[in-house]
Amino acid sequence: MKRIIPTLIFGTMATLNMNAVVDKTFNYHVDRFADIEVLRYEVPEFHRLSLQQKKMLYYLSQAAQMGRDIIWDQNGKYNLQIRQLLENIYTGYNGDRNSADFKAFEKYLKQVWFGNGIHHHYSTDKFRPEFSKAFFEEQVASIPDSDLPLAPGQTRAEMMEVLIPVIFDPAVMAKRVNQDGTQDVVATSANNLYGDGVTQKEVEDFYAKMKNPNDETPVSYGLNAKVVKKDGKIQEEKYHLTGLYGPAIAEIIYWLDMAKSVAENDAQKAYITKLIDYYVTGDLKLFDEYSILWAEDTQSDIDFVNGFIESYGDPLGMTGSWESYVNFKNIASSSRTNKISSNAQWFEDHSPVDPRFRKDKVKGVSAKVITAAMLAGDAFPSTAIGINLPNSNWIRAQHGSKSVTLENITEAYDMASHGNGFNEEFVIDEPTKKMLDEYLYITDMLHTDLHECLGHASGRLMPGVDQDALKENGSALEEARADLFALYYVADPKLLELGILDNPDAYQAEYYKFMLNGLMTQLNRIEPGNNVEEAHMRNRQLIAKWVLENGRKKGKGGKDVVELVKKNGKTYVKINDYPKLRELFGNLLAEIQRIKSEGDYKAGNDLIQKYAVKVDPKIHKEVLDRFSKLDIPPYRGFINPVYTPEYDTAGEITDITISYPENYADQMLRLSRDYSPLTK
Ligand code: ZN
């Protein structure tokens, strides 16, 4: 539950990066459809890597891409079949590619590629095709039986009988992750993490029996398993070499083994070995052992994540979605995060929470800035800009965690945002705009650093408190806790003392952005009439609305700390008292830390229900109207660079080159062709 997703739509004109040289001619823009923009990111400094490091990066990238089918299948049981069918139609179509039906079909396929399935990656609502059923049926009819992705024993007619409602009926598999706690969230979620007929209560009972409350080093139950009902009995189908997703896992293991052969040091070899052992057996104890070795390796230049990691795709927050990140250290920028992480204990000791809930000893929070080299699985095409792992609470407490900021991704967002008109439309006045231009880039990076490397790692649970006690609100409250920690400290004079910031007011840029986003602009991601659902968005609205309400008349001169004001019929966020706003962030941090430490489900749920979920329809409509004039896509993601090995006559790799030749469809079709072990 520890990743930061981007909100960067502010085209900051700041000195882009203190260190890296940005190639101004690089073309970040790739594609634009529906509510999505696809970008490409640059991998600066790839050329500085040694041949051995380049090889390792290449092998890890192969391991990353080999898992693609897994996330598609986890996201929905018909996704792989639908992808093959749509791609067959797309590549074989010989009608008019400018016809309305084909254009609509192409848009749908691009959406499906982006969602790794038929549901939106973020809202998890099912996509609505805008082409006709007749068009679809006609296209499928033109495909010979031998090219149809039929399930074993399935006829053409049977396939269509299943897929037509899945694609066209809005009521069938409507939502991938249903978080509405008044319903059975397992039975009503369309993901493929639970088998047919399995209920929420059955899953909860199943794991409750398995958990030992006295176990101080519990594995992450359910992380690598689908829960199914067989012969009336609830059981796990584990993901491992000879289990579910075996053919994909075999490929991943092969490439991990290759990577191991060129690993940088013994520590890295050791954790790759553990990871392979875990993939072979599915034994979660081995995954914990791997996670500890991985968290403790802070020396290696090349690093990666490859596995079932984050649990946002599971309404019960247990099963990990398959993902992979491959990256290497950005040495220059890492000095910033080094300064923060080496002072972790100072930050913990001075945090505004009840001392009982602080950690006496913050364990090895290591932080670094990285250059992403490959994104895959659940981290592709939509990706995080910061990650903090491992997720297991006891491992974090006893062995520490590793926190990374993906700077080349943030940079790509920022570069691609220049001149998009956002600031002119939503920021209240010229001085505020100027402040954002000057300080938002750096304070936003710092917010990510603080959120990931200190926020999630801070605080502790009281003895006997179940780490899942906050249930369906756990993710949103955890994100709020980390965000509040970051907001509180981004304004701390300590950052000037450490030489990270040069202006005591720089934090105001991040505060303004956060409040504007939480109160208004993030609503751009929500369809009219819907509530806020996604954990990070709930977190942001919770914080913003709570401080808005609790800061009434508490600012200097009796003004509101933050207010919404009207100018020329438009609503703007106005911040009247920044120091007081910081104090309010601190107060809310103290309360949410208490809720987490004590496992106070009721208080947490009250906060969520009161501030995080409901949308003011008037503001919502206004935000959507103002955005519609700007044509800024609410969501963005990336395609990856292409790595190509060069060989000598003996078949040895002599170099790996990097290039960025593909458009969006090229890349997606290539991945389906070359990296689809579950559909071959
Ligand atoms: Zn987080």
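Predicted model: local features only at pLDDT ≥ 70, side-chain atom pairs only at ≥ 80, totals over all residues.
Leaving aside residues up to four places away in sequence, Phe485 touches Phe347, Glu348, Ser351, Leu454, Gly455, Ser458 and Leu589. This residue is found in helix α17, which covers residues 474-490. Phe485 is buried, and its relative accessible area is 2%. For a sense of distance, consider Ala267, which is 218 residues from Phe485 along the chain: the C-alpha atoms of the two are separated by 32 Å.

Let me now turn to the chain as a whole. Its secondary structure comes to 24 helices and 15 strands. The C-alpha trace spans about 75 × 60 × 55 Å along its principal axes. How does the radius of gyration of the chain stand against that of a compact globule? For 680 residues a compact globule would have a radius of gyration near 26 Å, and the 24 Å of the chain agrees with this.

Burial and contacts come next. Of the 680 residues in the chain, 62% are buried. Taking contacts between residues at least 6 apart in sequence, 75% join residues that are at least 24 apart. The chain exposes about 25,700 Å², of which carbon and sulfur atoms supply 51%. As for charge, there are 79 positive and 98 negative side chains, and the centres of these two sets lie 4 Å apart.

I now come to the aromatic residues. A pair of aromatic rings is described by the distance of the centres and the angle of the planes. The count for this model comes to 45 aromatic pairs. One of them is formed by Phe422 and Phe627, a tilted pair with 5.9 Å centre to centre and 45 degrees between the planes. This pair links distant parts of the chain, 205 residues apart: Phe422 belongs to helix α15 (residues 422-426) and Phe627 to helix α23 (residues 617-628).

A second pair joins Tyr507 and Tyr578. The ring centres are 6.3 Å apart and the planes stand at 85 degrees, so this pair is edge-to-face. Because Tyr507 lies in helix α19 (residues 507-519) and Tyr578 in helix α21 (residues 578-598), the pair ties together parts that are 71 residues apart in sequence. Tyr507 is buried, with a relative accessible area of 7%; Tyr578 is also buried, with a relative accessible area of 11%.

Ring pairs also build up a cluster. Its members are Phe33, Tyr90, Tyr93, Phe102, Phe105, Tyr108, Trp113, Phe131, Phe135, Phe136, Phe168 and Tyr664.

My last topic is helix α14. The buried residues of α14 include Glu407, Glu411 and Asp414, together with Ile409, Tyr413 and Met415. Following α14 comes Gly419, which has a positive phi, near 75 degrees.

Methods: Residues numbered from 1 in each chain as written. Heavy atoms only, no water. Helix = DSSP H or I, 4+ residues; strand = E, 2+ residues; numbered from the N terminus. Rg over C-alpha atoms; globule rule 2.2 N^0.38 Å. Buried < 20%, exposed > 50% of the residue type's maximum accessible area, 1.4 Å probe, protein only. Contact = heavy atoms within 4.5 Å. Areas by Shrake-Rupley, 256 points an atom, 1.4 Å probe, with all protein chains shown as cover. Lys, Arg positive; Asp, Glu negative; His and termini not counted. Charge placed at Lys NZ, Arg CZ, Asp CG, Glu CD. Phe/Tyr/Trp six-rings, centres within 6.5 Å; stacked < 30°, edge-to-face > 60°.
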